[in-house]
Amino acid sequence: MEKPLLVHKHENLLYGLCILTTISLVFYLLISIVGVIIFAILAVISLLSHAISMAHIQVNSVRIKETQFPDLYSKVKELCTKMEISKIPEVYIVESGGILNAFATRIFGLFGKNMVILYSDFVDISLDSKGNELDYVIAHELSHIKRNHVVKSLLVFPAMWIPFIGVSYSRMAEYTCDRMAAYYTNNPADAINGLLILAVGRRLYKDVNLTEYQEQYNDKKGIFVTLAELLSTHPPIPKRIQEIETLMFGIPTVPLISRGKQTFAILFIVFFLFPIAVAGLTFVGIMAIEKINFFDEFPIPTEYTPLMEAAQEGDVDKVNELVNEGANPNEMNEFEENALFIAIVNEHKEVVQILLDHGADPNLQDSYGWTPLMSAVMTENIEIGKMLLEAGADPLLTDVDDMSSLDHAEELQSSEYVNLLNDYVNK
């Protein structure tokens, strides 16, 4: 009999789409140094975490070998021969605490060894039933290795960040492995039983009415059912059973309905209508905010006046020129800074003196009650403090926290300033 086409018809197509998506994402990351660093760190952490996890399994679980569970090893070896897998992967049985699962992996991605992990409860079920359900499970995981799905998934991992794209490829890969497992074990009934175990558990799977179970999928037609399917890495079990029946028998027990229209509607909403709606709402929101003058409560800072700029730079000649031309040394910007405050903070003593000589108010307070003298205390510049005091600065003026310049000096434990201010108060 001619070997049927085992690879699902959409697997390679979706893998190509994932490659294009990954290339696009990596390109955008490369133009951002921060993005590249974050991506590299996450990749290293993921790789090391996976390697440590696999090392834990290798040390604590039981490896199937010729001298350890020889019957199971013979199954693995026989299937590898049928599937033309030249190197038998390491197979381990892991205590699963009731979880029914198995998976194939590869340590260190591109450069490591292949492994198959069988959860103990699945092995127990097969041994208890004296059936071949486990053959299907092993063949399914070997198919992942034969198709190199682990490495391929690593290469297109960034595509998993995009809704629906990465998981769609994953579902097609699962279909392929189901088809290959059923074909190489040549026992579709046990393959279907293996899937029913995942659906209903170890005790009830043999009593499932398959026709009723398949019809159950057709009865559920809501959009959330379709959405759940599109977001899943594995196809619904009824659809996996249909793939096996179609491959092995030519026709399924129950033809399952297509959710193509709902799928198209969801993708249209997510990738077309939703972005348009977000852009539109953003535009309307900005227009509304501007119309009600919302930003009036949050003034955008303007540039310093020429006098403020000169004070910041300590440009004595420019400051002299500007004040002689009539520049107001007490003019404040939106943050209630004036040239005197700026000169004090930058400790430009000559500029401070010029501004005081030309009418800068040494007791000018902002809305928080902050005075030029308080700023001088914070810089701990004694000479500027003396200039301000000589110009009439009051060391007992308080801010909104009811603290004076003297209180601030004491809080800073600046003994020199405390003595200076106390001497001035006690005059």
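## Overall shape

For a compact globule of 427 residues you'd expect a radius of gyration near 22 Å, but this chain comes in at 38 Å. That radius is taken over C-alpha atoms, and the globule rule is 2.2 Å times the number of residues to the power 0.38. Along its principal axes, the C-alpha trace spans about 110 × 55 × 35 Å.

Keep in mind that this is a predicted model: local features need pLDDT of at least 70, side-chain atom pairs count only at pLDDT 80 or more, and totals for chains, interfaces and linings use all residues. Residues are numbered from 1 along each chain as its sequence is written, and side-chain values use heavy atoms, with hydrogens and water left out.

## Make-up, contacts and surface

The chain holds 20 helices and four strands; these are DSSP runs numbered from the N terminus, with helices (H or I) of at least four residues and strands (E) of at least two. Of the 427 residues, 41% are buried. Here buried means under 20% relative accessible area, exposed means over 50%, and partly exposed is in between (1.4 Å probe, protein chains only).

Take the contacts in the chain with a separation of 6 or more: 72% of them are between residues 24 or more positions apart. A contact means heavy atoms within 4.5 Å. The accessible surface is about 23900 Å², and carbon and sulfur atoms own 59% of that (Shrake-Rupley method, 1.4 Å probe; for residues, only the protein chains shown count as cover).

As for charge, there are 30 positive and 55 negative ones, and their mean positions lie 28 Å apart. Lys and Arg count as positive and Asp and Glu as negative, while His and the chain ends are not counted. Each charge is placed at NZ of Lys, CZ of Arg, CG of Asp or CD of Glu.

## The sheet

The four strands form an open sheet in the order S1-S2-S4-S3, with mixed pairing. At its edges sit S1 (62-63) and S3 (102-106), each pairing on one side only. Two strands pair if DSSP finds at least two bridges between them.

S1 and S2 (residues 90-94) run antiparallel and are joined by two bridges; Val-62 has Ile-93 as its bridge partner in S2. S2 and S4 (residues 114-119) pair in the parallel sense over five bridges. Across that pairing, Tyr-92 stands opposite Ile-117, and Ile-93 is partnered with Leu-118. S3 and S4 are antiparallel, again with five bridges, and Ala-104 faces Val-116 there.

## How covered is it?

All five of the five residues of S2 are buried, so this strand is largely enclosed by the rest of the structure. Both faces are covered: Glu-90, Tyr-92 and Val-94 are buried on one side, and Val-91 and Ile-93 on the other. In a regular strand the side chains alternate between the two faces of the sheet. S4 is mostly covered too, with five of its six residues buried.

## A buried loop serine

Ser-404 sits in the loop between H18 (382-390) and H19 (405-411). At 4% relative accessibility, Ser-404 counts as buried. Leaving aside neighbours within four places in sequence, Ser-404 is in contact with Met-374, Pro-395, Leu-396, Leu-397 and Thr-398.
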